[in-house]
Amino acid sequence: MKTPARLQALMAEGLIDSVVRQLKSGKEADVYVVRCGEETCAAKVYKEAHQRSFRQAVDYTENRKVRNSRQARAMAKGTAFGRKQQEAAWQSAEVDALYRLAAAGVRVPQPGNFHEGVLLMELVADEQGDAAPRLNDLCFSEEEAQQHHATLIDEVVRMLCAGVIHGDLSEFNILLAADGPVIIDLPQAVDAAGNNHAPRMLMRDVDNLRSFFGQHAPALLSTQYGPEIWSLYAGGRLVPDMPLTGRYEHQPGEVDLSGVLREIEDARLEEAARLERMG
């Protein structure tokens, strides 16, 4: 295996000793298993903007802060400097989210160094010590599905209490470690308080969990954790480890937020598909 140039630079800096193998090739980054002294870690090598298929949608980047007004102006104008700063902000968003969530006790990989577009972090392992599989590669009993779903709903709540929404949560970016599910891939993390799309992002994350685990535990398909969680958060009553019911009754005259958001998302996807066909 040819060692990527960015990892060669980290080896020259003494941050890693060797590259064991490639673990995953993703839409915005490639992940490698590396050795750092006596420790085995994961190295996430972010792709350049022109190599990625995942677009830095305004829905995700709304209200993200930059260091100064010069950077903000350059990013808004789309200059070469601005594009470079936007790329750096996109990559550092995951690092910032990981540190924030790890400090809040959320089940995410423990972050390490971030250097020249490479994030070094904990390698999430299974019971045999190998790289943990993604949920979409596994089958579950009804009891296991119920248990993992409950764990992840708790993690969604803990994330929201820390002010973060994953924004792209699904069975494809959750690993099953030896001690339970671990959430990964956070470059599109959303600021819950400062992003107008936050309610829709949360609803979609929770709906994705419901749909996936509902295949194995059909009783989950009728749950309404998304509206319940957002209602508690919006009312300032949401706290970690809070008992939830999975039920939510809309008050007379209240807008069905979940339904409206789903309709908006469906319309957005239809428009995106139309533009893709035209282009």
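# Reading contacts and folds in a predicted model

Modeller: Start with helix α6: 15 of its 17 residues are buried, so the rest of the structure largely encloses α6. Buried means under 20% relative accessible area, exposed means over 50%, and partly exposed lies in between (1.4 Å probe, protein chains only). This is a predicted model: local features need pLDDT of at least 70, side-chain atom pairs count only at pLDDT 80 or more, and totals for chains, interfaces and linings use all residues. Residues are numbered from 1 along each chain as its sequence is written, and side-chain values use heavy atoms, with hydrogens and water left out.

Colleague: How are helices and strands assigned and numbered?

Modeller: They are DSSP runs, numbered from the N terminus: helices are H or I with at least four residues, strands are E with at least two. Helix α6 covers residues 198–214.

Colleague: What span does α6 reach, and what is expected?

Modeller: The expected span of a helix is 1.5 Å times one less than its number of residues. Helix α6 reaches 24 Å from its first C-alpha to its last, close to the 24 Å expected.

Colleague: Now the sheet. What is the strand order?

Modeller: The general idea comes before the case. Strands of a sheet pair through backbone hydrogen bonds, either parallel or antiparallel. Two strands count as paired if DSSP finds at least two bridges between them. Here, five strands make an open sheet in the order β1-β2-β3-β5-β4, with antiparallel pairing. Strands β1 and β4 are the edges, and each pairs on one side only. From one strand to the next, the twist averages 25 degrees. Such angles run from 0 to 180 degrees between N-to-C directions, with axes as lines fitted to C-alpha atoms (for helices, over the stretch in contact).

Colleague: How many bridges join β2 and β3?

Modeller: Eight bridges, in the antiparallel sense. Strand β2 spans residues 29–36. Arg35 stands opposite Thr40 in β3.

Colleague: How many salt bridges does the structure hold?

Modeller: Eight. The criterion is a side-chain nitrogen of Lys or Arg within 4 Å of a carboxyl oxygen of Asp or Glu. One of them joins Lys24 and Asp185, at 3.2 Å from N to O. Lys24 lies in strand β1 (residues 18–25) and Asp185 in the loop between β8 (180–183) and β9 (190–191), so this pair ties together parts 161 residues apart in sequence. Lys24 is partly exposed at 23% relative accessibility. Asp185 is buried at 14%.

Colleague: Are Lys44 and Glu94 buried or exposed?

Modeller: Both are buried. They form a salt bridge, with the closest N and O atoms 2.9 Å apart. Lys44 sits in strand β3 (residues 39–46) and Glu94 in helix α4 (residues 80–103), 50 residues apart.

Colleague: Which residues are linked in a network of salt bridges?

Modeller: Lys24, Glu28, Lys44, Glu94 and Asp185. Take another salt bridge: Asp179 with Arg107, where the closest N and O atoms are 2.9 Å apart. Asp179 is in the loop between β7 (174–177) and β8, and Arg107 in the loop between α4 and β4 (111–115), 72 residues apart. Asp179 is exposed, at 58% relative accessible area. Arg107 is partly exposed, at 21%.

Colleague: Next, the rings. How many aromatic pairs are found?

Modeller: A search of the whole structure finds five. Rings of Phe, Tyr and Trp (its six-membered ring) pair if their centres lie within 6.5 Å; planes under 30 degrees apart are stacked, over 60 edge-to-face, the rest tilted. Tyr46 and Phe114 form an edge-to-face pair: 6.2 Å centre to centre, 85 degrees between the planes. This pair links strand β3, holding Tyr46, to strand β4, holding Phe114, across 68 residues. Tyr46 is buried, with a relative accessible area of 3%. Phe114 is partly exposed, at 31%.

Colleague: How far apart are Phe114 and Lys44 in sequence and in space?

Modeller: 70 residues in sequence, but 9.3 Å in space, C-alpha to C-alpha.

Colleague: Which residues do ring pairs link into a cluster?

Modeller: Phe140, Phe212 and Phe213. Phe212 and Phe213 pair edge-to-face, 5.0 Å centre to centre, with 75 degrees between the planes. Phe212 is buried, with a relative accessible area of 8%. Phe213 is buried too, at 0%.
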